[in-house]
Amino acid sequence: MEQLNQDVKDKLEKVCVCRGITKESIKNSIRNGNKTVEAVAEDTGATKGGCKGFRCKGKIEDLIAEFGTEWN
Ligand code: FES
């Protein structure tokens, strides 16, 4: 149930607000082997919106730090 709640939250939460990229998309990208902000950005389109990553780069870095090694 807790995992289900987290999955729903990940679908709703926007990491990159400018481009409307969800936490689910960012986590999937990391899971698929993208372990740097640049690689995740290239894969998802995050950081390429109006603020040029000002608001989302830090959040992506945090997600890579949290999940990048877990999903090697
Ligand atoms: S929030 Fe990601 S580019 Fe602005």
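**Salt bridges, core and surface**

In this predicted model, the side chains of Asp 10 and Lys 27 meet in a salt bridge, with 2.6 Å from N to O. Asp 10 lies in helix H1 and Lys 27 in helix H2, so the pair ties together parts that are 17 residues apart in sequence. Are these two residues buried or exposed? Asp 10 is buried, with a relative accessible area of 4%. Lys 27 is buried too, at 9%. Both count as buried because their values are under 20%.

Now look at Lys 11, which also sits in helix H1. Its partner is Glu 24: the two form a salt bridge, and their closest N and O atoms are 2.9 Å apart. Glu 24 belongs to helix H2 and Lys 11 to helix H1, so this pair ties together parts that are 13 residues apart in sequence. Lys 11 is partly exposed, with a relative accessible area of 47%. Glu 24 is partly exposed as well, at 28%. Lys 11 can also be compared with Ser 25. They are 14 residues apart in sequence and 8.0 Å apart in space, C-alpha to C-alpha.

How many salt bridges are there? The count comes to 4. One of them joins the side chains of Lys 48 and Glu 42, at 3.6 Å from N to O. Lys 48 is partly exposed, with 45% relative accessibility. Glu 42 is exposed, with a relative accessible area of 61%.

Next, the inside. In soluble globular proteins, nonpolar side chains tend to be buried together. Here the largest nonpolar core has 14 residues. Which residues have the most contacts inside it? They are Ile 26, Ile 30 and Ile 60. Strand E1 (14–16), helix H2 (23–31), helix H3 (37–44) and helix H4 each supply at least two residues of this core. Helix H4 gives the most, with 4 residues.

Helix H4 (residues 57–67) matters for the surface as well: it provides the largest share of a negative patch, 3 residues. That patch is formed by Glu 38, Glu 61, Asp 62, Glu 66 and Glu 70. Among them, Glu 66 has its place in helix H4.

The surface also has a nonpolar patch. Met 1, Leu 4, Val 8 and Leu 12 make it, and its area is about 470 Å². Met 1 is found in the segment before helix H1 (2–12). Met 1 is exposed, with a relative accessible area of 74%. It counts as exposed because that value is over 50%.

Conventions. Residues numbered from 1 in each chain as written. Predicted model: local features only at pLDDT ≥ 70, side-chain atom pairs only at ≥ 80, totals over all residues. Heavy atoms only, no water. Patch = residues over 30% accessible without salt bridge, like charges linked within 9 Å, V, L, I, M, F, W, Y side chains within 5 Å. Areas by Shrake-Rupley, 256 points an atom, 1.4 Å probe, with all protein chains shown as cover. Lys, Arg positive; Asp, Glu negative; His and termini not counted. Charge placed at Lys NZ, Arg CZ, Asp CG, Glu CD. Buried < 20%, exposed > 50% of the residue type's maximum accessible area, 1.4 Å probe, protein only. Core = buried A, V, L, I, M, F, W, Y, C linked by side-chain atoms within 4.5 Å.
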